[in-house]
Amino acid sequence: MNQIIVFSETGGPEVLRLERADIGPPGPGQARVRHSAIGVNFIDTYQRSGLYPLPLPSGLGCEAAGVVEAVGAGVDGLKPGDRVAYAGGPLGAYASERLIAAEHLVKLPDGIADETAACAMLQGMTVEYLVQRTFPVRTGQTVLWHAAAGGVGQIALQWLAAMGVEVIATVGSEAKAEIARRLGAAHVILYRDENVAERVREITGGTGVPVVFDSVGKDTFTASLDSLAPRGMLVSFGNASGPVPALAPLELTRRGSLFLTRPKLGDYIASRAELEASAAALFDRLRDGTIKLEPSHRYPLAEAAQAHRDLEARRTTGSVILLP
């Protein structure tokens, strides 16, 4: 019998519970996927807590890898036994098996392990769209990346270092600083001990950076704005510390005609062509060794609540997965 994590009310990790459910055969356009590894991401905690409201009761999780067990009518290009991964579609990845529209699935190339794919799809395609399409970063530029020792940050550091980009990384501890340096950060700022914007100005000779990638939110928002060069862009793509404060557009003018964007992955892989291109770019970097990635924390599916506790308490570095 399929096991699935569900919640009927918003709140802390304790609202998550393990249930059994028979999911049946796939319908038209669907595939039944047996999961081998499931990605855990900060957005999952936003949804569970109510920061991102959902109709309840609800499943959770948007990323996993596994094997196709069956396909429904009208599905082309997939067959039972194919290894697949996804990062999108309806919530429900926190499960041992699930039904999902085949259009959300991409085949996994040989040489990419299921566990790697489960922690790489959402975070890796996030890095792809951020650095190649939201703000196309160029060789020789200097950028500021917050939470650089997290899952997205670790991929970004490797991706950008391979491009010849100088990354200023912020982290919360010396242990995380060592991770950031090892993965390619040119400069590391301990945000609890140093003034981030002042250090960025020192590093850049007073000019600031053309772009800041900020997944932290409330705690770093002002420092991010103050770190930008004139006409720079703040890419705010997460709320790990809470939602950012309200900002009057005139503040962007006062600080140097700045740009502010709040993107999400779904809008950058909205078409099948975009999804396949983003996944292909990620797979290429995984296979050629540009990005070396494996989960740093593994939990049984039944311990999803503990995974959330550790993630929110910032006791994790790198990527987190659940194992059915």
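1. Basis. This is a predicted model, in which local features need pLDDT of at least 70 and side-chain atom pairs count only at pLDDT 80 or more, while totals for chains, interfaces and linings use all residues. Residues are numbered from 1 along each chain as its sequence is written, and side-chain values use heavy atoms, with hydrogens and water left out.

2. Sheet. Six strands make an open parallel sheet, ordered E10-E9-E8-E11-E12-E13. Helices (H or I, at least four residues) and strands (E, at least two) are DSSP runs numbered from the N terminus; two strands pair if DSSP finds at least two bridges between them. Strand E10 (187-190) and E13 are the edge strands, each pairing on one side only. On average, neighbouring strands are turned by 15° against each other, direction ignored. Axes here are lines fitted to C-alpha atoms, for helices over the stretch in contact, and angles run from 0 to 180 degrees between N-to-C directions.

3. Strand E8 and its partners. Four bridges join strand E8 (residues 142-145) to strand E9 (residues 166-171) in the parallel sense, and two bridges join E8 to E11, also parallel. Trp 145 stands opposite Ala 169 in E9 and opposite Phe 213 in E11. Helix H3 (residues 151-162) lies across E8 and E9 and runs at about 170° to E8.

4. Strand E11. Five of the six residues of strand E11 (residues 209-214) are buried, where buried means under 20% relative accessible area, exposed over 50%, and partly exposed in between (1.4 Å probe, protein chains only). E11 pairs with strand E12 (residues 228-236) in the parallel sense over five bridges, with Val 209 opposite Leu 228. E11, H6 and E12 form a right-handed β-α-β unit; right-handed means that, with the strands pointing away from the viewer, the path from the first strand over the helix to the second runs clockwise.

5. Cores. A nonpolar core is a set of buried Ala, Val, Leu, Ile, Met, Phe, Trp, Tyr and Cys residues joined through side-chain atoms within 4.5 Å. The largest has 59 residues, and Met 125, Val 131, Trp 145 and Phe 213 have the most contacts inside it. Helix H2 (residues 114-134) gives the most to this core, with eleven residues. A second, separate core of 27 residues includes Phe 7, Leu 16, Ala 102 and Ala 307. Leaving aside residues up to four places away in sequence, Phe 213 touches residues including Val 131, Phe 135, Trp 145 and Phe 237, contact meaning heavy atoms within 4.5 Å.

6. Salt bridges. How many salt bridges does the structure hold? There are 21 salt bridges, each being a side-chain nitrogen of Lys or Arg within 4 Å of a carboxyl oxygen of Asp or Glu. Arg 255 and Asp 226 meet in one of them (2.2 Å, N to O). Arg 255 lies in the loop between helix H7 (249-254) and strand E13 (259-261) and Asp 226 in helix H6 (residues 221-226), so the pair ties together parts that are 29 residues apart in sequence. Asp 226, Glu 251, Arg 254 and Arg 255 are linked in a network of salt bridges.

7. Two further pairs. Glu 128 and Arg 133 meet in a salt bridge (2.8 Å, N to O); Glu 128 is buried at 5% relative accessibility, whereas Arg 133 is partly exposed at 28%. Arg 272 and Glu 276 form another, with the closest N and O atoms 2.9 Å apart. Both lie in helix H8 (residues 272-287), four residues apart, about one turn of the helix.
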